[in-house]
Amino acid sequence: MNPEYIFTLFILIVLPLLYLLILTKKTHKNLPPGSWGLPFLGQTLSFLRAMRTNTAENWVQERVKKYGPVSKFNFLGTPTVFLHGQAANKFIYTCDCNTLANQQPTSVRRVMGERNIMELSGIDHKRVRGALVSFLKPEVLKQYVGRMDEEVRKHMEMHWHGKEQVQAMPLMKSLTFNIMSSLIFGVEQGARRDAFVEHFQHIINGVLSMPVNLPFTRFNRSLRASAKVRVMVKELLREKRQALKQQHTSAAASANQDLISCLISLRNEDDSVLLTDEEIIDNALVIMVAGHDTSSILITFMIRLLANDPSVYATIVQEHEEIAKNKASGELLTWEDLAKMKYTWRVAMETLRITPPVFCSFRKVLTDFEYEGYIIPKGWQVMWAACMTQMDEKNFPDPSKFDATRFEKQSPSPPFSFVAFGGGSRMCPGNEFARIETLVTLHYLLSKFTWKLSCRNNSFFRDPMPVFNDGLSIHIKPRKL
Ligand code: HEM
């Protein structure tokens with residue numbers, strides 16, 4: 001038997017006993033209220049069950065009702081404090097990096113690698129984030145509108161035209177994956193991209209799972225897929241370095257053609273590399289996972305909304321008619337066209353407010369700290385569902401009502417209450433990328449098709465990202481704006 005499996009079994013039996021011993025030891029610290037739950041498992045299963053039945057909001061509300069906005073429990077084998085509310089969002093997003101570090105659950109760290117941005121803090125985080133933003137900033141991304149446009153049209157040609165019924169969610173995942181594959185890895189349609197798709201699916205399925213490395217677990221499959229992707233990206237790095245070396249003789253390679261080429265070209269003042277190969281690989285992986293799943297979910301929720309809400313549909317179509325009537329047939333969308341899609345982006349923001357793709361996040365406690373009179377000890381993790389403030393009446397009156405006009409105002413809500421993209425120094429650096437791909441995709445969906453939901457039950461569950469039970473099946477008809 002593989003020694004790692006023997007070790008895992010040992011951990012499963014011995015750790016819970018040790019764990020119980022430590023936790024039941026008398027402590028004089030004023031710990032937050034709450035029960036630890038079962039050894040090792042804690043309340044992991046009850047939370048994951050709530051996510052899978054789309055009742056995670058109720059899980060949080062019940063917890064807050066029972067214990068208040070600060071409570072302790074055991075999640076994925078780690079002592080955890082659950083924080084809730086706008087004050088908690090502000091505290092976490094503005095907390096110094098000596099108190100809270102951005103450590104993800106063990107499964108995320110093992111699958112994505114130790115040097116991925118979500119694991120880093122302090123100057124390392126700043127350096128890696130700066131490198132990623134040098135590619136993800138609007139001034140650079142505006143030159144990729146045309147490439148995104150081509151990917152979207154190719155996708156529609158292959159998967160939508162000539163069809164009467166499609167499943168929106170898997171198609172949007174495939175589209176955003178292809179956009180990312182082209183712009184992050186520089187890998188176009190073909191066998192290599194197909195292999196990436198397959199491996200990333202396994203990575204995503206096990207990235208937030210019990211970190212039990214046995215042959216039949218999701219975690220094990222995810223680890224194996226991550227190892228395969230790493231080998232593929234290493235090979236890409238080699239090829240791209242070679243191509244960049246020959247840059248003077250060939251027009252095919254440029255440091256700006258994709259994220260990987262950009263990262264391998266970045267240098268310090270003394271000409272040493274800014275990021276190590278391990279950092280480039282870990283972060284390319286994290287960007288693929290963080291980027292393609294989230295945006296595809298946003299677009300799918302917008303497709304569902306537009307099928308259900310005739311008034312939003314009428315206004316949004318009008319916006320796209322205006323843009324389409326000034327374009328010649330086959331002419332690519334431009335950065336200036338996207339600037340005219342103001343209402344569409346407000347609809348997207350309101351969709352993110354009501355159905356945020358990211359439900360909860362984690363930080364690691366580096367030093368004991370006091371919060372609301374309780375001591376949170378070093379070594380614990382902080383978990384919070386930031387987006388719960390988006391459905392709080394105090395921040396957004398009549399919160400269940402879909403009202404895109406809320407986002408007409410410069411600041412539609414109190415600080416740290418609209419947090420679909422997070423906040424502070426960890427705020428999503430991919431929000432502009434997400435905006436561009438969402439607007440381009442919506443433009444072609446609205447210009448080329450009308451649609452109706454095929455299935456009455458268009459509910460979803462979280463795994464941990466939202467998943468539609470039937471993939472959101474829709475009947476489509478061609479149209480010409
Ligand atoms: C609708 C789409 C998206 C949503 C709702 C979203 C949401 C978020 C949220 C809430 C966080 C912060 C998590 C935390 O504080 O723990 C985050 C971080 C991050 N996102 Fe996004 N994201 C989206 C799209 C993207 C895209 C397209 C990319 C890449 C191109 C991306 C890359 C990242 C990265 C690298 C981080 C980590 C930042 C850091 O730790 O400094 N995201 N995202």
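## Two helix pairs

Let's start with helix H10 (residues 191–206) and helix H11 (residues 218–245), whose axes come within 7 Å and cross at roughly 140 degrees. Here, axes are lines fitted to C-alpha atoms, for helices over the stretch in contact, and angles run from 0 to 180 degrees between N-to-C directions. Helices (H or I, at least four residues) and strands (E, at least two) are DSSP runs, numbered from the N terminus. On the H10 side, the contact includes Ala195, Phe196 and His199, while Arg218, Phe219 and Arg221 are among the H11 residues taking part. Two residues are in contact if their C-beta atoms, placed from the backbone, lie within 7 Å. Sorted by class, this contact has seven nonpolar, six polar and three charged residues. Ala, Val, Leu, Ile, Met, Phe, Trp, Tyr, Cys and Pro count as nonpolar, Asp, Glu, Lys and Arg as charged, and the others, Gly among them, as polar.

A word on the model: it is predicted, with local features needing pLDDT of at least 70 and side-chain atom pairs counting only at pLDDT 80 or more, while totals for chains, interfaces and linings use all residues. Residues are numbered from 1 along each chain as its sequence is written.

Another pair to look for is helix H2 (residues 44–52) with helix H3 (residues 56–67), packed at an angle of about 135 degrees with axes 7 Å apart. H2 and H3 are therefore oblique to each other; angles under 35 degrees count as roughly parallel, over 145 as roughly antiparallel, 65 to 115 as roughly perpendicular and the rest as oblique. From H2 come Phe47, Ala50 and Met51, which meet Ala56, Asn58 and Trp59 of H3. That contact has five nonpolar, one polar and no charged residues.

## Around the ligand

The ligand is surrounded by 25 residues, and the closest are Gly291, Thr294, Gly422, Cys428 and Gly430. A residue is near a molecule or strand if its C-beta atom, placed from the backbone, lies within 6 Å of it. Two or more shell residues come from each of helix H6 (122–136), helix H13 (277–308) and helix H17 (431–448). H13 gives the most, with seven residues. By class, the shell has 16 nonpolar, seven polar and two charged residues.

Two strands pair if DSSP finds at least two bridges between them. E4 and strand E12 (residues 473–478) share three bridges, and Gln167 has Ser473 as its bridge partner in E12.

E1 pairs with strand E2 (residues 78–83) in the antiparallel sense over six bridges, and Ser71 stands opposite Phe82 in E2.

## Two backbone details

The peptide bond from Asp463 to Pro464 is cis, with omega near -10 degrees. Pro464 lies in the loop between strand E10 (460–462) and strand E11 (466–468).

Asp271 is not a glycine, although it has a positive phi of about 75 degrees. Look for Asp271 in the loop between helix H12 (259–265) and H13.
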